[in-house]
Amino acid sequence: MKLSNNYRIIAEENNTILQFYKDKIKVKKDGTKIPYEFTENYYYPNLKTALKSFVNKYIGESKEVSEVLLRLNKLELQINKLEIN
């Protein structure tokens, strides 16, 4: 499940992964450029703790109070769009 431009959640049998991802380019010695996806995984026992961590990371990137409020508003809009069966 995509959470933002750089975070997604991956559910596995025994844990939940909050994954940071970013497109990067590796330059070989001959100058050839190879695109790849850099990932960093954070493991959690369930979806709730993974989402709490995402909120903390997402809000923590803010530089000013106005940006915190904007990010919280975006998160609230995303949550409202989720379909829960």
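**Around Tyr7**

Trainee: Are Tyr7 and Phe20 buried or exposed?
Mentor: Tyr7 is buried, and Phe20 is too. Buried means under 20% relative accessible area, exposed over 50%, partly exposed in between, with a 1.4 Å probe and protein chains only. This is a predicted model: local features need pLDDT of at least 70 and side-chain atom pairs 80 or more, while totals for chains, interfaces and linings use all residues. Numbering starts from 1 along each chain as its sequence is written, and side-chain values use heavy atoms, without hydrogens or water.

Trainee: How many aromatic pairs does the structure hold?
Mentor: Four. One of them joins Tyr7 and Phe20, at 5.4 Å centre to centre and 65° between the planes.

Trainee: What makes Tyr7 and Phe54 a pair of their own?
Mentor: Their ring centres are 5.5 Å apart and their planes stand at 65°, so this pair is edge-to-face. Tyr7 belongs to strand E1 and Phe54 to helix H1 (residues 47-60), so the pair ties together parts 47 residues apart in sequence. Helices (H or I, at least four residues) and strands (E, at least two) are DSSP runs, numbered from the N terminus. Phe54 is buried, as is Tyr7.

Trainee: Which residues form the aromatic cluster?
Mentor: Tyr7, Phe20, Phe38, Phe54 and Tyr58.

Trainee: How do you know that E1 and E2 pair?
Mentor: Strands pair if DSSP finds at least two bridges between them. Five bridges join E1 (residues 7-11) to E2 (residues 16-27), so they pair. The two run antiparallel. A hairpin of four residues connects E1 to E2. Arg8 has Gln19 as its bridge partner in E2.

Trainee: What makes the charged end of Arg8 sit over the ring of Tyr21?
Mentor: The rule wants NZ of Lys or CZ of Arg within 6 Å of the ring centre and within 35 degrees of the ring normal. The charged end of Arg8 is 3.9 Å from the centre of the Tyr21 ring and sits over that ring. The charged end of Lys24 sits over the ring of Phe38, at 4.7 Å from its centre.

How values were computed
Phe/Tyr/Trp six-rings, centres within 6.5 Å; stacked < 30°, edge-to-face > 60°.
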